[in-house]
Amino acid sequence: MLTAPPKRVAIIGAGLSGLTLALALHRHGIACTLYELRRPSVSSSGALMLSPNALRILDTLGLYGRLSAQGYNFETIAYKNQAEVTTDRYYLGDEKTYGYKALRVYRQTLLTELRVMAKQLQIPITYGVKFSHIISEDDSGVSFAFTDGTVASADILIGADGIHSTVRKYIAPGVVPKYSGQVAITCAIPISKLEIPKGIEYEMPVAIHGKNGAFVMAPQNVDGSEVLAGTQRAYPEQDRAGWDALLADKDRLLALFRTGIEDWPQIVKSALNNVPIDSLAIWPYYVVPKLERWFSSGKRVIILGDAAHAIPPTAGQGASQGFEDVFTLAALLPHLSEKMPLNKAITYWKHMRQERVDKVIKLTLQLNNTRLPQAERKKLEAGQTWVSGESGQLAWLYNAKVEEDVQAWIIALMLESGYANVG
Ligand SMILES: Cc1cc2nc3c(=O)[nH]c(=O)nc-3n(C[C@H](O)[C@H](O)[C@H](O)COP(=O)(O)OP(=O)(O)OC[C@H]3O[C@@H](n4cnc5c(N)ncnc54)[C@H](O)[C@@H]3O)c2cc1C
């Protein structure tokens, strides 16, 4: 049982969660090494939506200013009906109420900024290695292997290796991501190609809820000149090769994207008629089923981020929930002691994180239902779709002080055990 702060942490995966974890551990004086499959020269496509709970964490790490200057800052997404009347506004950020506007920024920009900071802090990252399996886990630590036959060891190993996590196989054998039945089809289009109707206010981003579901248009570069345009629809599950084939077959993908084009207002038609074919992408929504534990029975192997709880994207909280996992775990590890051994700390951590992830999943389902085709939406009961209420109704999500919650728990535990000096 680990009863002191770990001296050597291994992180599998230098994606968003892994890199943020490394920075957060460094902030608490804990050394770590990252092991990443992809070489840094491989670039990632697409943009991410980040809300105040994620931005507060990135701000604490000193990254917010640089990121907000490189992305599109806004507060709400307007919901319009088929007649293009604005019926609601969903707050993805709000400087006054939640401290930050929302930010849409390219994933590659975020990864680059995280990597630059990791380099400045001299955090070691080994690229081009694929974690294979855990060799052993005992009171002296964890030893593990890569697919090239090399081995390494650490006090604890943290899997931040994404939705198809290999580390998860050790913790929850047999659990595989489940297909939700929905795919998003998207493209990136210059805003100048959109025929915005005269006389109708068209604030961006916007989601038009029409007969066939919702069509979203969201600016994603600094001046808002490039817009992500996309919709989601039901599609039968494919195997890996099937999804790859669909992505590669741009004509088929375009035909799928344009299905029901006649039912949309002109602005959507203009998007669908001007799709830059190379930017066409498909994103099948897979989720990780709720796991009993995010750590091994020996407690020294832990998973977080998408590896632990990949969720559908509609609330734009995938990466953000990973950041919260990271920040809360990093706040616990420096305080490990006889009174707060690792098993106690991570049992509490999993519980508090699961509670938040569950709430986010509930919100996501409501938002998802709001995007269903009209006929399906009509069958739903009140409360199953999203309707905005009072100002600040998302404070539980955006204003959460997750690190402070952890500190309060530690203080309570120390006081309970008669410890005065918590630090
Ligand atoms: C198209 C798309 C759009 C999205 N939009 C949003 C959004 O707007 N807002 C939002 O919050 N979230 C969004 N998400 C979700 C978000 O991308 C994820 O929640 C987030 O990337 C999870 O981060 P992660 O670090 O946990 O996993 P990942 O980003 O998947 O990183 C995992 C890392 O582990 C590495 N790895 C995997 N296996 C191994 C191995 N065996 N050995 C070594 N390394 C390994 C991978 O190469 C990768 O670098 C989106 C996702 C997609 C696909």
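A backbone N or O atom of Met49 sits 2.7 Å from an oxygen atom of the ligand, a polar contact here being a pair of N or O atoms within 3.5 Å. This is a predicted model, where local features need pLDDT of at least 70 and side-chain atom pairs count only at pLDDT 80 or more, while totals for chains, interfaces and linings use all residues. Residues are numbered from 1 along each chain as its sequence is written, and side-chain values use heavy atoms, with hydrogens and water left out.

**Ligand contacts**
- Gly318 brings a backbone N or O atom to 3.1 Å from a ligand oxygen.
- For Ala319, a polar backbone atom is 2.8 Å from an oxygen atom of the ligand.
- On its own the ligand exposes 1000 Å², and the protein buries 82% of that (Shrake-Rupley areas, 1.4 Å probe).

**The shell around the ligand**
- The ligand is surrounded by 27 residues (a heavy atom within 4 Å), and the closest are Ser17, Glu36, Met49, Arg107 and Asp306.
- Helix 11 gives the most, with three residues (helices are DSSP H or I runs of at least four residues).
- By type, the shell splits into eleven nonpolar, ten polar and six charged residues, with Gly counted as polar.

**The nonpolar core**
- The largest nonpolar core has 138 residues, with Tyr90, Phe144, Leu157 and Met217 making the most contacts inside it (buried residues, under 20% relative accessible area with a 1.4 Å probe and protein chains only, joined through side-chain atoms within 4.5 Å).
- Helix 12 (residues 342-370) supplies the largest share of this core, ten residues.
- Domain 1 (9-55 + 107-177 + 288-416) and domain 2 (179-286) each give this core at least three residues, with bounds from an automatic or database domain assignment.

Conventions
A polar contact is a pair of N or O atoms within 3.5 Å; within protein, one must be able to donate a hydrogen and the other to accept it, and residues adjacent in sequence count only if both atoms are side-chain atoms. Helices (H or I, at least four residues) and strands (E, at least two) are DSSP runs, numbered from the N terminus. Buried means under 20% relative accessible area, exposed over 50%, partly exposed in between (1.4 Å probe, protein chains only).
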